[in-house]
Amino acid sequence: MFRRTFWFTAGAAAGVWATTKVNRKLKQLTPESLAAQAADKAIETGHKLKDFALDVREGMVRREAELGGALGLEAPVDQDLPVQRHWAVEAPGPAAHPNTYRTLPYKSNNRNEDH
């Protein structure tokens, strides 16, 4: 009699445990739950990409500083030399039409032009 009670109780407990486990798994597979899991993964991936981009930017700045120091680009600039600015394209004037395209400057100092 005690043996039958033990096995009946063990079977009932196993049935309750299995039912609970299956119900949890079914709730995880609902469309709402899958959408929430996908959104969480997307947010996590976005954070990882942002961290990667920040690490790359930090490395670029560090390397540019190293190269600038090695090449002497951080030396003080001689104030007697004129500063010549090169514009790649001309800015449109105030009367420019919105559909007009910007053009290259007439006198280009670019030595890499096709001849």
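Of the 115 residues in this chain, 1% count as buried, where buried means under 20% relative accessible area, exposed over 50% and partly exposed in between (1.4 Å probe, protein chains only). Welcome to a predicted model, in which local features need pLDDT of at least 70, side-chain atom pairs count only at pLDDT 80 or more, and totals for chains, interfaces and linings use all residues. Residues are numbered from 1 along each chain as its sequence is written, and side-chain values use heavy atoms, with hydrogens and water left out.

**Fold and surface**
- The chain has two helices and zero strands; these are DSSP runs (helices H or I, at least four residues; strands E, at least two), numbered from the N terminus.

**The nonpolar patch**
- Phe52, Val56 and Met60 make a nonpolar surface patch of about 300 Å²; patch residues have over 30% relative accessible area and no salt bridge, with nonpolar side chains joined within 5 Å and like charges within 9 Å.
- A salt bridge is a side-chain nitrogen of Lys or Arg within 4 Å of a carboxyl oxygen of Asp or Glu.
- Phe52 sits in helix H2, residues 31-71, and counts as exposed because its relative accessibility is 54%.

**The aromatic pair**
- The structure holds one aromatic pair.
- Phe6 and Trp7 form this edge-to-face pair, 5.1 Å centre to centre with 70° between the planes.
- Rings of Phe, Tyr and Trp (its six-membered ring) pair if their centres lie within 6.5 Å; planes under 30 degrees apart count as stacked, over 60 as edge-to-face and the rest as tilted.
- Phe6 counts as partly exposed because its relative accessibility is 48%, while Trp7, at 58%, counts as exposed.

Technical notes: Accessible areas come from the Shrake-Rupley method with a 1.4 Å probe; for residues, only the protein chains shown count as cover.
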